[in-house]
Every structure is written in C-alpha cells, then in structure tokens.
Amino acid sequence: MNQTQKPEELSRRHFLDRLLEGGFLALLAAIIYPIIRFIIPPQVPEASTNRVVAANLSELPVNSGKIFRFGDKPGIVLRTAEGQFKAFSAICTHLDCTVQYRSDLKHIWCACHNGHYDLNGKNVTGPPPRPLEEYQVYIRGEDVIVSKT
Amino acid sequence: MPLSFWIKKSASWLEQRIDLSALKEVITHKTVPQHKHSLWYYMGGMTLFLFFVQVVTGILLLLYYRPSAEAAYESIQFIMTEVKFGWLVRSIHSWSANLMIFFAFLHLFSVFLLKSYRQPRELTWVSGVLLFFLALGFGFSGYLLPWNKLAYFATKVGTEIAGAVPFIGTFVMKFLRGGEDVSGATLTRFFGFHVAVLPMLTTAFLTIHLLLVQKQGMSCPIGVSQNPNQKVIPFFPNFLLRDLLGWVVALGILVFLASVFPWELGEKADPFSPAPAGIKPEWYFVFMFQTLKFIPAKVLFVDGEILGILAFTVLGMLLLFVPFLDKRSARQLRTPILSAVGLFAIIYILALTLAGYLMK
Amino acid sequence: MRIRLTLFLIFSLAIGLSAAGSDLSRNSCIQCHQTLDEKHIAIVNDYKSDIHFLRGIGCQGCHGGDARVGFAEGDPSISMDPAQGYLGAPQPQQIPRFCGKCHSDVEYMKKYNPGLRVDQEQQYRTSQHAKLLAKADTNVATCISCHGVHGILPVSDTRSPVHKLNIPKTCARCHSDATLMSGYRIPTDQFELYQKSVHGVLLLEKKDRSAPTCADCHGNHGATPPGLVTVSQVCGECHASNRDLFNESPHKAAFTELELPECETCHGNHEVAKTSDEFLGVGEKSLCLECHSDPHSRAYQVAEGTKATLDSLKAEIDKANKLVAQAERAGLDIAAAKFDLKFASDAVIKIQSLSHAASLEMVQEEAGPGMFKAQLVEKKAKEALKDARVRQYGLAGSGVIIIILAILLFLKTKEIDRQTGR
C-alpha cells in the first residue's frame with residue numbers, strides 16, 4: 001500500500017502519526033499528574049473531627065484557658081492553677097453561648113446568663129441544666145492535643 | 001523514536017518467550033461487519049471503558065475512604081477538600097457510574113433488538129445479563145457509601161422492598177442490612193460487596209464474556225447476515241480507532257461533567273431524623289419503584305407490592321433465558337413480536353422513569 | 001463494788017426503758033391504735049413511713065404520754081395521762097409550737113441532723129399565715145397543712161408534698177380553691193398562671209429543679225408576697241445579669257419613682273411568658289410602647305434602634321447560615337466558617353440580655369463584632385463555593401487536549417480507512 005502513495009501523502013501521514021502520539025502522551029500526562037498528586041498524602045493526613053491540636057504549651061500558662069476549634073464547634077482547653085490540663089466542649093448547655101475560663105474565679109463561666117461550671121465541667125450555679133462534655137487532653141512535645149475519645 | 005517502533009520491539013521480545021500467534025490472529029485477521037446498525041457495536045466497549053474508569057477512580061478513592069458510619073461522610077468531605085484532585089476523582093467516579101449503567105442499558109437493548117443473543121452466542125448473553133445485574137448491584141451498594149441522608153433513606157426503602165418478598169424476603173433483608181435496620185453494619189457490608197465481592201464476580205463473568213466475544217466475533221443482524229458480500233472492516237486498527245475515539249470523547253464528557261456539575265455530598269445521614277420528602281432510588285431503579293407505587297395495595301387477594309416484586313423477578317429470569325426461549329431467531333428468522341416486546345419495555349422504562357421524577 | 005453494780009443496773013434500766021419507748025414494736029400507742037377502727041389504723045400505717053418513726057421517735061415524742069404502758073394493761077388512760085405529759089391532738093393554733101418544741105431546739109436537732117435549719121417556727125411567725133392564725137383564722141396553713149401529719153417525708157423525698165417539684169400543687173391546694181379563699185382579697189389563679197409560665201413548664205413538665213417555685217420567690221415558712229422593692233432582687237437571684245443591667249439603666253430610678261414593680265412590670269409575676277424578640281422595638285407586641293409611645297422621644301428611638309440592630313444581625317447570620325449550608329451540601333470543608341459564625345450567634349443572645357440596660361450604645365457595641373463575624377463567614381463561604389467553580393475553568397486545558405485528540409483520532413480513522421481501501 002505504501003509504495004502507491006505520493007511522498008507528500010507519506011509525510012502527511014507521518015505528521016499525523018506524530019501528532020497522534022504526542023496527543024496521547026499529553027493525555028496520559030494529564031491523567032497521571034492528578035493521580036500522582038492525589039496519591040501523595042495531604043498536609044493534614046486525616047479529618048480533624050475526633051482529635052485536634054488545640055494549643056501550644058506556650059499559649060497556656062498556669063490558670064488560663066483558650067478557646068479552640070473542634071471540627072465546626074468550639075472547645076475550651078485550660079490549665080488549672082495547680083497546673084493540670086483539662087478540656088471541655090465550650091458550648092454552654094443553657095443556650096449554646098461560648099463559655100470562657102475565668103482566672104479570678106478559677107473555673108469556667110458563661111457571660112450570657114452568668115452560668116458557672118466547676119473544673120469537672122459540672123454546672124454549679126446559674127441557668128445551665130447540664131454539665132459540659134469533657135474531652136481527653138494529651139501533651140505531645142509542645143502540642144496540647146484534645147481528643148473526643 | 002515513534003511509538004510503533006517500541007511496540008514492535010516489545011512484541012518480538014515477548015514472541016521469543018510466549019506464543020503470541022492467537023493474539024496476532026486477532027490483530028491481523030479479525031473483522032467487524034459494517035452496516036446500518038454497526039453503531040451499536042460500540043456500546044459494549046464503551047461500557048467496558050467506563051468500567052475501567054470506575055476501577056481506577058475506585059482504587060484511588062479506596063486510599064482515603066473510611067467505611068464506618070462515624071467516618072465515611074467525613075472521609076469523603078476530606079477527599080473533596082483536602083486531597084489534591086480529590087474532588088475530580090470523586091465526581092468522575094459518581095458520574096461514570098451513572099454513564100456506565102446508561103451504556104449498559106443501551107448495550108442490553110441493542111443486543112436484544114438485534115437478536116445477537118441467538119445461537120451460538122447464548123452464553124455471551126447470559127454472562128452479559130449477569131454482568132448487568134452486577135452493575136446494578138455496584139450502583140446500589142456504592143450509592144450508600146457516602147452515608148448521606150438521601151443514600152441512607154434510599155437504602156432503607158430499597159432493602160425494605162427486598163424484604164417484602166415472600167419466604168426469603170426477611171432473610172435477604174437482614175443479610176443485606178447486616179441486621180434489622182440500616183446501620184453502620186450495613187455500610188461496612190455494602191463496602192465489602194462493592195470493593196471485593198462484586199469486582200470478583202464481575203472479573204469472572206467479564207472474562208467469560210470477552211473471551212466469547214473475541215472467539216466468536218461480532219454477530220450480524222438477521223437480515224444483514226444473509227448477505228454474502230457483507231462489508232467488513234478490520235478490527236485492528238480501524239474498529240479499534242473508532243472505539244478509541246468514542247472513549248476519548250467519553251473521557252472528555254466525564255471531565256466536563258465532573259467540573260461543571262460536581263457531585264454533591266449532601267447532609268450526613270442521621271438515622272433519628274425523619275425521612276426527607278420525595279425519597280427516590282437512583283434513576284436506574286426509578287421505573288421499578290414507580291411501578292410499585294402505581295400497583296394498587298391489593299390485587300384480588302394478593303398484596304400489590306409483593307405482586308410487583310415477583311413480576312420483576314420473573315421478568316429478570318425471563319431476560320436471562322431469552323436465547324433459550326427464542327428459537328426462531330436461531331434459524332435466522334425475524335421475530336417481530338419479540339422486537340415489539342423489547343420496544344415496549346424501552347418505552348415503559350422511559351415513561352415510568354419520567355413519571356417518577358415528574359410526579360411528587 | 002455494790003455502788004458500781006447499782007449504777008450499772010440503773011444505767012441499763014434507763015437504756016432499757018428508753019429503748020422500750022423507742023423500740024417501736026413495743027410502743028403501746030401503736031400496739032393499741034392498730035387494733036382500733038379504720039381511721040386509727042390508717043394513722044398507724046401512715047406513721048410507719050414517717051421520717052420521725054424511722055429516726056426512732058414514737059407517738060409520745062410529739063403527743064407526750066407514756067408509751068411503755070397502757071396496751072398490756074388494757075387501760076389507755078395510764079398511757080394517755082396528762083401527768084405523764086400527754087398533750088393529745090393539738091388545735092391548729094397550737095401546731096407551730098407543737099412542732100417547734102423540737103424543731104426550734106438547736107441542741108436537740110443537732111443529735112439528728114446538724115445541717116437542718118432550726119428557725120422555721122421563727123420564720124413562720126413573720127408570715128401572713130401566722131398573722132391570721134393569731135386572729136383565730138383556722139383556715140390558714142400550719143406546719144401540717146404542707147408537710148403532712150403522720151406520714152411526713154423528708155423534703156428531698158420526691159413523694160413529699162414539700163419536695164421542690166410538688167410545692168406549686170401543695171400551695172395550690174388552698175390558694176386555688178375559690179371557696180376557701182373567698183374571704184380573702186387575693187386572686188386564686190396563681191397556679192393556673194404559673195403552669196403556663198416558663199418557670200411552670202420547666203418545673204412541672206421538664207422536672208427541672210433549677211426553676212423557681214412559689215417558695216423561692218415568696219419564702220416558704222415566712223411566706224409573704226414580696227414588697228415592691230424586693231421583686232427585682234428576688235428575680236435577680238437567678239437572673240443576675242439582667243438585674244445588674246436594669247439597675248444601671250434609667251428605668252431603675254423611674255420605676256422606683258412610679259412605684260412600678262420592676263421586672264414584673266414587663267414580665268408579669270406568675271405567668272412569666274417565654275421572651276420573644278418582639279417584646280423589643282416598636283412593633284405590635286412591643287413592651288416598650290406601653291410607656292414610650294411618642295416617636296420623637298429618645299426612649300422610642302432607643303427601642304427602635306435596639307430592635308433594628310438585633311434584626312439586622314439576625315438577618316446577616318441567617319444569610320451566612322444559608323451559604324454555609326450550601327457549601328456543606330457541596331461537600332466543601334466549611335467547619336472553620338461555621339465555628340466563626342458561633343460567635344455571631346453568641347452576640348444575638350448577649351444583645352437580648354443587654355436590652356435590659358436600655359442603652360443603644362451597649363447594644364451596638366456588642367452587635368458590631370457579631371455583624372463583622374457574620375459577614376466574614378459569608379465571604380469565606382462564597383469563596384469556598386467559588387473555588388468549586390474555579391476548577392471548571394482549570395479543566396479547560398485538559399478539555400482542549402481531549403478535543404484535539406478526538407479530532408486527530410477522527411482524521412487517523414479516515415486515513416486508515418482510505419489506506420485499507422474501505
């Protein structure tokens with residue numbers, strides 16, 4: 001078949017073949033590139049719904065607290081006057097305001113309607129009907145890690 | 001160096017070690033008939049290509065997906081937001097699933113109407129129908145995996161219908177659900193079906209199906225096959241090039257759909273909240289679902305729903321055994337009645353699917 | 001030796017005798033009374049669950065007399081003997097002292113429960129009930145009206161009529177009885193109103209013991225309606241922030257001058273209803289309008305401004321919520337934005353409380369950051385949604401490759417067909 005074709009046709013065919021090869025290689029690259037990027041683990045290796053780095057040790061001096069983000073909800077991590085680390089859900093059980101740590105009272109307080117919680121999360125005075133959910137705290141190096149389980 | 005050069009080199013290297021004569025036979029001598037119905041020859045290959053897309057994207061998703069009620073939804077959210085191109089892989093997987101089943105329908109109906117199932121291709125048909133059921137199984141099991149509200153309730157309704165079958169229904173329902181209700185156990189089980197059981201079965205039947213197709217070649221429609229001067233084109237490279245063109249276009253469409261109409265994640269399933277209004281199964285089940293809705297509660301002395309389920313089961317069985325029921329076409333005789341039945345089925349499916357979406 | 005023995009005998013006799021009195025199976029009052037008619041049997045049975053019985057105090061502990069004798073001899077008069085201190089069943093006027101002779105005795109009560117108060121009788125004497133009792137009105141409540149008489153349970157027992165959850169019903173026994181109350185100049189709908197109130201629903205339906213009962217505001221033993229100046233102090237025991245805000249507001253001085261009962265003026269007393277944002281502002285349900293109807297007054301403007309600020313904050317939060325929900329449905333990770341939005345919602349709650357200060361400045365100070373947060377969240381949500389769309393355009397490059405490839409394949413197909421003569 002090839003012998004009956006003119007030289008121009010031959011070169012056109014080769015050109016087409018080269019283009020085709022190039023096109024397929026480009027497509028292959030366009031497929032392989034996202035796959036490689038996909039396979040490489042992202043910065044945060046897993047969703048932070050059960051465990052999160054709540055604070056750095058330097059942010060939590062004795063008798064202080066910090067609000068941190070746990071998924072889409074606020075949590076509070078605190079270091080008691082005795083130096084113990086504790087963590088709770090920061091959602092007040094009364095009307096869902098965000099609680100805070102009061103270093104003068106040395107316990108947790110909700111500014112909205114004056115609810116008080118002790119350092120076990122128990123609602124002691126004011127409108128809150130239930131205690132705050134308590135979380136586990138682990139120290140790993142400089143990180144203060146809060147976990148739900 | 002051109003690609004063809006490298007292919008020739010690899011081929012000769014292999015030939016010194018394995019007998020590639022069968023393969024060479026296919027490449028050099030296999031032909032495909034060309035006639036006005038030839039377009040339908042590409043449906044099977046398209047379904048196969050989309051299946052490969054599912055396997056590849058599915059394996060990629062497996063690297064990050066977590067099959068438990070507590071983590072499934074979040075893991076997909078993670079894939080879509082944190083993993084590079086995760087949104088693309090996930091959306092392609094969801095779109096390609098639907099496209100694959102759509103082409104499977106096209107492939108099934110075109111083969112049916114062209115009577116390609118007739119002797120000697122009965123086994124090809126049987127393995128094909130089984131593959132079709134497996135594809136529906138993939139769709140049903142995969143739909144639950146994101147563990148969102150729609151999927152949860154669709155699965156609840158679907159497994160409840162399975163449970164309505166007399167005698168074995170309760171057992172089947174508990175087997176599918178991994179318990180009395182749809183729960184995390186159902187999710188884990190469906191995951192097992194979706195990534196292990198169904199792929200294994202599909203591989204087995206697909207191998208049989210493809211081997212048969214390669215061995216027996218393409219079937220010609222009844223009126224056409226009588227023609228001794230039947231126009232053919234070589235399988236390689238002509239038919240294959242056309243196949244490839246179709247696959248590249250399909251890939252382009254998938255990429256377009258995944259980017260412009262990304263697949264939603266919805267809200268996380270909450271077993272204790274009431275079902276949202278208008279729960280429907282995926283589109284490929286809607287015609288059956290709508291049929292069940294239309295059947296009156298009681299037909300004579302039989303419960304309407306059970307009647308509907310049994311009817312579909314019987315039809316499914318008949319579908320499987322079509323080549324053995326239609327002996328006329330084996331003798332190259334036209335079977336207009338069967339064609340009419342097929343056309344009716346297509347119209348019925350289209351009409352009821354439409355009804356399912358238009359009626360509230 | 002002999003002296004020791006004698007002392008020992010006397011000692012054991014004393015113990016034995018007192019034991020006989022407190023060994024209630026050999027208490028002759030009980031032994032005899034449980035053989036009498038239905039009424040007396042019922043009293044004995046009631047008494048068996050009485051806290052006094054369980055602490056080893058027999059009938060003679062209140063009624064006097066000698067419980068060691070009388071039954072075996074078949075002669076009640078040697079037991080029910082005034083010479084032995086028998087008091088019989090007391091008259092209503094005698095009851096407070098009857099109970100008080102033990103319950104006001106610090107040394108005596110210490111032996112049983114050092115934590116119990118011993119001023120109930122003293123408090124009772126200050127109450128309206130006691131004042132009327134002194135004027136020979138026997139309709140009024142005495143100790144036994146609320147605590148029961150022979151089957152008295154500790155207050156902490158949920159079956160006790162004076163357990164927190166039961167107090168409203170106990171007071172209502174008399175105070176809702178129109179016939180009984182017909183001689184007095186007070187209404188009888190308090191319990192009915194209380195049942196509908198926020199406090200009533202909380203206590204009676206949700207069984208939440210943090211809600212106030214009649215006794216929390218009126219006192220229990222010293223029950224008297226609060227005078228004007230004490231209303232906000234009573235409410236303020238729980239609603240401290242609102243009390244403080246109110247006391248700082250211009251209303252405090254004004255209400256004192258007008259002799260208005262502070263909290264009760266807007267919130268009612270027994271029928272304290274669930275608050276609604278509609279109480280603020282100048283709309284239909286507005287409470288401010290009751291006094292401040294002049295649109296040109298500063299007060300009217302403060303009322304209007306407060307509501308407007310609150311409404312716009314709520315609207316902004318609503319907008320942000322919708323966008324966040326949209327982003328979530330699309331599978332975008334919007335957790336950080338949702339978290340931020342919480343602070344805006346906190347501001348809404350704070351403003352609802354701040355309204356007691358009647359200060360537009362304070363409200364706006366709180367609303368400002370809340371508004372800012374809500375708008376920030378909207379921005380973040382919109383960006384996230386936009387990101388989802390940017391991807392479409394990013395795919396243009398791949399789309400181009402695919403289209404070109406498709407065209408090339410098409411051309412190649414045509415060429416091969418030509419070549420192979422098809």
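Trainee: How many residue pairs are in polar contact between chain B and chain A?
Mentor: This is a predicted model. The count takes pairs with both residues at pLDDT 80 or more. Between chain B and chain A it comes to 2 residue pairs.

Trainee: Which helices of chain B each supply at least two residues of the side that touches chain A?
Mentor: The side of chain B in contact with chain A draws on several helices. Each of these gives at least two residues. They are H1 (3–15), H3 (42–62), H4 (72–81), H5 (86–113) and H11 (235–260) of chain B.

Trainee: What is that side of chain B made of, by class?
Mentor: In total, 21 residues of chain B contact 19 residues of chain A. On the chain B side, the classes are 15 nonpolar, 2 polar and 4 charged residues.

Trainee: How many salt bridges cross the interface of chain B and chain A?
Mentor: The side of chain B that touches chain A does have 4 charged residues. A salt bridge needs a side-chain nitrogen of Lys or Arg within 4 Å of a carboxyl oxygen of Asp or Glu. Across this interface of chain B and chain A, the rule finds 0.

Trainee: What share of the area buried between chain B and chain A comes from carbon and sulfur atoms?
Mentor: The buried area is about 1,600 Å². Carbon and sulfur atoms give 77%.

Trainee: Where do the two cysteines of the disulfide sit, and how many residues apart?
Mentor: The sulfur atoms of A:Cys97 and A:Cys112 are 2.1 Å apart. A:Cys97 is in the loop between strands E4 (85–89) and E5 (100–102) of chain A. A:Cys112 is in the loop between strands E6 (107–110) and E7 (115–117) of chain A. The separation is 15 residues.

Note on methods
Residues are numbered from 1 along each chain as its sequence is written. Chains are lettered from A and ligands numbered from 1 in the order in which they are written. This is a predicted model: local features need pLDDT of at least 70, side-chain atom pairs count only at pLDDT 80 or more; totals for chains, interfaces and linings use all residues. Side-chain values use heavy atoms; hydrogens and water are left out. Contact means heavy atoms within 4.5 Å. Buried area is the accessible area (1.4 Å probe) that two parts lose on being put together, summed over both. A polar contact is a pair of N or O atoms within 3.5 Å; within protein, one must be able to donate a hydrogen and the other to accept it, and residues adjacent in sequence count only if both atoms are side-chain atoms. Helices (H or I, at least four residues) and strands (E, at least two) are DSSP runs, numbered from the N terminus. Ala, Val, Leu, Ile, Met, Phe, Trp, Tyr, Cys and Pro count as nonpolar, Asp, Glu, Lys and Arg as charged, and the others, Gly among them, as polar. A disulfide is a pair of cysteine sulfur atoms within 2.5 Å.
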